[in-house]
Amino acid sequence: MSLVNVKKSDGVGLLTIDNPPVNALSPDVQYAVAQGIKSLVGDEGVSAIVVHGTGRNFVAGADIKKFVEISMGEAPFSEEGLQPLLRLIEDCPKPVVMAIHGFALGGGLELAMAGHYRVAVPDASLGQAEVKLGLMPGGGGTQRLPRLVGLKKGVEMCYTGDPISAREATDLGLVDKLIDGDLVEESIAFARQISSKKPLKTRERVEKLGTPAINADLFDAARQAARIKYRNLEAPLVAIDAVEAGLQLAFEEACRLERQKFKSCLFSSQSKALIHVFFAERDVVKIPDVPKDTPTFSVKSAAVLGAGTMGAGIAMVLANAGIAVLLKETDQTALDRGRASIQKNYANAIKRGRMTQALADGRMKLITPALSWDGFEKTDLVIEAAFENMALKKKLFQHLDNICKPTAILASNTSTLSIDEIASATTRPEFVIGTHFFSPANVMKLLEIVRGKATQKEVIASCMQLAKKIGKIGVLVGNGKGFVGNRMFHAYRREAQFLVEEGATPDQVDTALYDFGMAMGPLAAADLAGIDVGWRIRQEHRHLLEPGVRQPFIENKLCEIGRYGQKTGAGWYKYDEDRTRTSDPETGALVRRWRSEAGIQQREISTQEILDRCLLALVNEGARILDERLALRAGDIDVIFVNGYGFPAYRGGPMWYADSLGLDSVYRRVCKLQQDLGSFWEPARLLKKLADAGQTFSSHSTAA
Ligand code: NAI
């Protein structure tokens, strides 16, 4: 199969890139395009050239696997990259028309910009998406894009990585013509029309580059915005630097500089981590004993039990994917409250311009409020999101077993309870599964899919497929207490609280982790969720506490005096009516008193200790989880933390982060913590094993 096909149509040469699935610009494709262009240039019967891609895209970008090989030192870095090919196209004496559909991203857009004209179908997307992988344009994108869309928009597109639609691209001048009909036919007709015009080289166009006076503030403003929007990320700032530097340099020199900057991004730890997350998010669907061709049950209708915080959000998520939902409650007041919260959510989306009234109305219509069980006999899926109480859940599942059709999937959104025990209340445990959404369910991307010991493969495959349909990243986990995410998060939060007991301030703990890159510090996050939730659960399960094992106590004490967090205006911090957080001297005084009552000596705590204790607690627990085979791969755990717990993607997730520190060093630090702090810190068996063998979590797979 050839990567590029060349044809002629009535005086126009048609070059088709054919590198499934996304027409990635591998070195072989670049070579084949160059050969194709050369042959058409040499063909006297050709007066203009059209370049397009087969399948769903023009060219979606570079081959990301190749980037990994290069950054691992397994393949050489090309100092010139796309430049020779782009120069060949731009210098082509015959006009080259780039015909775009689907995605023209990264190298794909760079290729398109080297052409003399661009035409596109209206729903095509064009962008320099490299920063999403910690990279930046490396094939002239920082230089050609501002020449076509103007400096301000060009800088913005390079540092945000956000693509624009073909319509917007047409308004900006990046696309010369929108094509509503057949792309290839109309592109050829367009090429014929312009075939006698002298090709205009993008690199020679300077009319949109402004003047130093006009541009003076533009770069600082872009840097400021990038620092806020992409906190701690290096690539967006490097991309801005490259555009700015280009204004002072000859085009070729600017491209050389851009390539050097691209190289430094490619070898950076941030890019390696982001690329790891990119592939890990794609690997979660690979479940060794549930192959791709496992039959699935189609989910066209669903029911949700409970219209509280989670149930209402889950109903929205299902309706957003076109699934009809019965939303059941026990009384009218709770039902009205749930419906009102959904309505408010849609109203906000409309207000922000994210949705039209008609679309919101259509989705509301898909959600049928219910107080009875009518209609449950027909639904394909039930998701239970009632109170976190085993007796209640068992009663509900027993009833569902009686009334639902035999192939209905019975799912629970429980965050802590055993799926096996819930399933034991039914006569069909093979159809029972956990679908653990994260709050707010309509926003958070993560869905932990909890496999019970009897859960049937078809049910697992159906839920993985459903996750995709509703726009979530479904990660299969085992049925251990707290599953994967919450179990690890529990260890992390435990250390955060111990650190305050021992002498750190809440601010110190939160700032250390926020600066590390977490979306929020653990104590501020607890205030947001409400620290009373855990307190109530702990009171209920007090009898299960192991005697003599140290337990954090400050949150209990805060709750005893009514400080539940944001909802009561105070918790670890103080909040005003807008819920703006300030540190609270009263918390400081209370903590000092409780600390001394507990006989704990206050000591200085360093940022490094905060990071070690909180993050290595995650890592050690993650290693246990892998050892217990509750997660299939370290990458799955990373996906869970990046998408469900605000772990910075540019650090790759907790397990990748540990790998990057070196497991030998992590193991030694955990041993030291065990010496200083006791049994919580017993190193996980797998951590020791991998450290001894000089291996990494990423190389270890329980999937095999
Ligand atoms: P919630 O208290 O906001 O809502 C529970 C709702 O269930 C209430 O509206 C209640 O009236 C209703 N309900 C109770 N018994 C019912 C029954 N027999 N039939 C129908 N509805 C009934 O609780 P939330 O936070 O929505 O939690 C629901 C479930 O989701 C729990 O199992 C919880 O552990 C889990 N979960 C909660 C998360 C959170 O952040 N709130 C995150 C992930 C899971």
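1. The largest share of the shell around the ligand, three residues, is supplied by α16, where helices (H or I, at least four residues) and strands (E, at least two) are DSSP runs numbered from the N terminus. This is a predicted model, in which local features need pLDDT of at least 70 and side-chain atom pairs count only at pLDDT 80 or more, while totals for chains, interfaces and linings use all residues. Residues are numbered from 1 along each chain as its sequence is written, and side-chain values use heavy atoms, with hydrogens and water left out.

2. The ligand is surrounded by 21 residues, of which M310, E329, E388, K393 and S415 are the closest.

3. The protein covers 79% of the 820 Å² of accessible area that the ligand has on its own (Shrake-Rupley method, 1.4 Å probe).

4. E90 has its place in helix α3 (residues 83-90) and is buried, with a relative accessible area of 0% (buried means under 20%, with a 1.4 Å probe and protein chains only). The side chain of E90 makes a polar contact with the side chain of R203 at 2.8 Å (a pair of N or O atoms within 3.5 Å; within protein, one must be able to donate a hydrogen and the other to accept it, and residues adjacent in sequence count only if both atoms are side-chain atoms).

Definitions and conventions. Near = heavy atom within 4 Å. Buried < 20%, exposed > 50% of the residue type's maximum accessible area, 1.4 Å probe, protein only.
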